[in-house]
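Hi there,

Here is the structure I promised to pass on to you.

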Amino acid sequence: MPSNHIYMLPAVVDPSGLQRYCDRVVDGIGAIFLALKRRPVIRYQRTSDIAKRIAQETAKLMYQQESGLFDFRRMEVSPLLLVVDRRDDPVTPLLNQWTYQAMVHELIGIQDNKVDLTNIGKFPKDQQEVVLSSEQDAFFKANMYENFGDIGMNIKRMVDEFQQISKSNQNIQTVEDMAKFVDNYPEYKKMHGNVSKHVTMVTEMSKIVEERKLMLVSQTEQELACNGGQVAAFEAVTNLLNDERVSDVDRLRLVMLYALRYEKESPVQLMQLFNKLASQSAKYKPGLVQFLLKQAGVDKRIGDLFGNRDLLNIARNMARGLKGVENVYTQHQPLLFQTMESINKGRLRDVDYPFIGNHFQQGRPQDVVIFIVGGTTYEESRSVALQNASNSGIRFILGGSVVLNSKRFLKDLEEAQRIARTSTNVV
């Protein structure tokens with residue numbers, strides 16, 4: 001959706017713009033439930049004005065204005081629509097990604113399943129824009145949620161297979177061989193296109209990882225997101241800010257992650273990081289980290305983002321630390337994962353996620369649509385896919401106003417900060 005930054009601004013700043021935004025979201029959610037032929041009970045995140053507004057307007061559409069349209073055969077347990085706010089988990093869109101689909105979006109960008117490679121290098125005409133669709137591309141379907149290390153191995157296997165096939169195609173000796181080759185040619189051509197597409201993307205991403213020293217940066221990001229230890233974290237972030245090889249945008253994200261994690265624990269050291277960032281990064285917009293904290297700091301969030309409030313989560317984090325994580329780069333789990341677990345166990349608290357109207361839920365829903373105002377990420381869609389594959393008896397469907405990578409999240413943040421500044425000057 002255009003103007004996605006508007007969810008961060010108070011309603012008075014641009015009432016008509018916000019109304020258009022809400023109308024579009026409500027239309028989209030309405031369309032999903034018409035396609036599912038269901039009318040849901042609706043819950044929202046208590047701390048978010050815009051989540052509440054969208055939930056109320058959706059309920060008004062489904063239970064009043066278009067009540068007849070949504071009057072489907074009653075289920076024993078209604079499906080659930082849960083409307084949450086991106087700002088409850090600002091960490092997920094700030095992290096570097098290491099699983100295939102999320103990584104392509106983070107490092108190159110995906111728009112409507114298309115990847116535009118024109119800015120990256122010189123490629124033949126037919127490879128400048130490639131399509132990544134799990135419905136038409138078997139390799140992508142099998143690998144979209146796999147780790148980057150495994151992707152390399154799997155691509156090598158695909159290349160080997162292709163070479164075998166192309167070798168057998170070179171042995172055309174009879175008219176029958178020729179006919180057979182022509183019959184198989186569309187498949188051959190498709191496979192050839194597929195191989196070169198994935199090889200190109202993985203090669204390009206490896207270059208970016210090396211240029212931006214992302215393995216180094218990402219290790220610290222994951223530590224900030226998943227493990228306590230403020231002294232070590234401060235030292236690690238300071239070292240990376242001093243490292244000339246680290247790009248401006250990666251420095252900014254590291255300071256943001258540190259700020260989200262330790263805003264209350266170490267304000268003095270946080271100021272030191274702000275000053276260092278400002279002195280080293282020419283593009284750094286002053287006050288952007290503080291604006292993020294104002295939007296999504298600890299006082300604004302209800303979820304247990306870092307697993308350090310709830311005893312169960314603290315125990316889980318300790319257990320994870322003891323067991324050792326098989327992959328240091330993908331140890332982070334989005335807050336959405338906990339939300340789905342709570343729904344699975346019937347533990348989503350009414351006080352944090354109130355119901356709209358007098359429609360309550362008896363028993364576990366079979367279908368749950370979670371809509372994130374402000375945008376969702378491919379890391380979260382991976383979480384949903386894994387959850388659905390675990391056969392818990394609930395089917396989760398994820399939606400959001402945009403699909404974010406860190407670049408888009410920061411752009412929305414900058415735009416909201418710019419408007420907030422000009423509108424306070426006017427008042």
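Below are my notes on the cavities and the salt bridges. Please keep in mind that this is a predicted model.

**Cavities**

Rolling a probe the size of a water molecule over the atoms shows where empty space is left. In this model, three cavities of 30 Å³ or more turn up. The second largest cavity holds about 130 Å³ of space. Its lining is made of 14 residues, and Val 84, Asp 89, Leu 335, Leu 336 and Thr 339 are the closest to its centre.

**Salt bridges**

Side chains of opposite charge can pair when their charged atoms come close. The structure has 21 salt bridges, and I picked out a few for you.

One of them joins Arg 43 to Asp 350, with 3.1 Å between the closest N and O atoms. This pair links distant parts of the chain, 307 residues apart: Arg 43 sits in strand E1 (residues 41-44), while Asp 350 belongs to the loop between H13 and E5. Asp 350, at 46%, is partly exposed.

Another salt bridge brings together the side chains of Lys 197 and Asp 137, at 2.9 Å from N to O. Lys 197 is in helix H6 (residues 175-211) and Asp 137 is in the loop between strand E4 (129-131) and helix H4 (138-143), so the bridge ties together parts of the chain that are 60 residues apart in sequence. Both Lys 197 and Asp 137 are buried.

Asp 160 and Lys 156 form a salt bridge with an N to O distance of 3.1 Å. Both residues are in helix H5 (residues 148-170), four residues apart, which is about one turn of the helix. Asp 160 is partly exposed, with 33% relative accessibility, and Lys 156 is exposed, with 53%.

Finally, there is a network to look at: Arg 212, Glu 221, Asp 250 and Arg 253 are joined by salt bridges that share partners.

Conventions. Residues are numbered from 1 along each chain as its sequence is written. This is a predicted model: local features need pLDDT of at least 70, side-chain atom pairs count only at pLDDT 80 or more; totals for chains, interfaces and linings use all residues. Side-chain values use heavy atoms; hydrogens and water are left out. On a 1 Å grid over the protein atoms alone, a cavity is a set of points where a 1.4 Å probe fits but cannot get out, and a pocket is an open set with protein on both sides within 12 Å along at least five of seven lines; lining residues have an atom within 4 Å of a point. Grid points are joined across faces, edges and corners, and a volume is the space filled by probe spheres set on the points. A salt bridge is a side-chain nitrogen of Lys or Arg within 4 Å of a carboxyl oxygen of Asp or Glu. Helices (H or I, at least four residues) and strands (E, at least two) are DSSP runs, numbered from the N terminus. Buried means under 20% relative accessible area, exposed over 50%, partly exposed in between (1.4 Å probe, protein chains only).
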